Amino acid sequence: MQKHFETELESLKTNISKMASLVEEMVENAFIALKENDLEMCKKIKARDREIDAYDNLIKTQCENILALFQPFAVDLRFILTALMINNQLERCGDIAVNITQRVKPLMDFKFLLEESKIFEMAEVAKQMFKEAIDAFINRDSKLAEQIGEKDNIVDGYNKNIFRFLVEKMKTNSELIEPASHLMILSRHIERLADHSTNIAEDVIFMVNAEIVSHKHKL
């Protein structure tokens with residue numbers, strides 16, 4: 001019975017790791033498509049999203065079965081609860097990658113606006129946060145997880161500056177209203193990617209340290 005339980009836990013961890021790797025690839029490729037105006041890449045990312053949805057359903061089923069069959073407790077229970085929470089975050093990050101691709105075509109002729117806004121610099125920080133959050137989960141590294149939340153403030157700062165920058169652009173040039181609006185939405189997607197990465201990091205801290213840190217500053 002114990003061996004069966006351990007096998008199921010290992011299978012669950014493997015599937016989450018595979019899902020995380022796929023989502024990380026989607027996010028990376030979404031920003032490549034944005035930089036290079038690659039519409040074919042956008043199509044591939046949208047197709048990959050169906051695979052992410054399949055993993056989402058599989059992992060939920062695995063967690064339900066393990067809880068029902070083995071009634072785990074302590075660290076094993078925290079791992080399964082964390083797996084459910086991170087699975088949800090990963091599925092949403094996959095959706096964000098798809099959402100980013102939807103801004104590629106409308107912004108193809110406004111590369112100067114993307115560069116002046118510093119959206120790519122913002123994206124680099126968010127991508128690094130996501131990668132570190134996944135590494136923290138796979139390696140059960142609560143120290144790395146604790147550092148991720150600090151970078152969220154950097155992304156929030158970019159988001160606010162980009163909003164102000166675009167408002168000024170729209171005021172001075174009405175022809176930029178439409179692309180600037182798309183860019184505002186894009187900035188919001190990147191900000192949400194950073195938020196989900198922070199959530200994953202908080203879930204890792206819960207799993208490893210049995211400490212709930214989400215919303216801690218509000219309590």
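Predicted model: local features only at pLDDT ≥ 70, side-chain atom pairs only at ≥ 80, totals over all residues.
## Nonpolar core

The largest nonpolar core holds 68 residues. Leu12, Leu90, Ile119 and Leu186 are the residues with the most contacts inside this core. Helix H1 gives the most, with 14 residues.

When its neighbours within four places in sequence are left aside, leucine 186 is in contact with Leu34, Ile100, Arg103, Leu107, Leu114 and Ile119. One of these partners, Ile119, is also among the core residues with the most contacts.

The structure has 12 salt bridges. One of them joins the side chains of glutamate 124 and lysine 127, with an N to O distance of 3.0 Å. Both residues belong to helix H5 and stand three residues apart, which is about one turn of the helix. Glutamate 124 has a relative accessibility of 40% and so counts as partly exposed. Lysine 127, at 14%, counts as buried, because buried means under 20%.

Arginine 192 and aspartate 195 meet through their side chains at 2.8 Å, N to O. The two residues are three apart in H7, again about one turn of the helix. Arginine 192 is partly exposed, with a relative accessibility of 27%, whereas aspartate 195 is buried at 15%.

Are the two partners buried or partly exposed? Lysine 151 has a relative accessibility of 24% and is therefore partly exposed. Glutamate 132 has 13% and is therefore buried. The cut-off that separates them is 20%, since buried means under that value.

## Positive phi angles

Most residues other than glycine have a negative phi. Two residues of this model are described here against that background. Lysine 118 has a phi near 70°, a positive value in a residue that is not glycine. Lysine 118 lies in the loop between helix H4 (111-117) and helix H5 (119-138). With a relative accessible area of 43%, lysine 118 is partly exposed.

Where does alanine 210 lie? Alanine 210 is in the segment after helix H7 (177-209). Its phi is positive, about 55°, although alanine 210 is not a glycine. The relative accessibility of alanine 210 is 47%, so this residue counts as partly exposed.

Note on methods
Residues numbered from 1 in each chain as written. Heavy atoms only, no water. Helix = DSSP H or I, 4+ residues; strand = E, 2+ residues; numbered from the N terminus. Buried < 20%, exposed > 50% of the residue type's maximum accessible area, 1.4 Å probe, protein only. Salt bridge = Lys/Arg side-chain N within 4 Å of Asp/Glu carboxyl O. Core = buried A, V, L, I, M, F, W, Y, C linked by side-chain atoms within 4.5 Å. Contact = heavy atoms within 4.5 Å.
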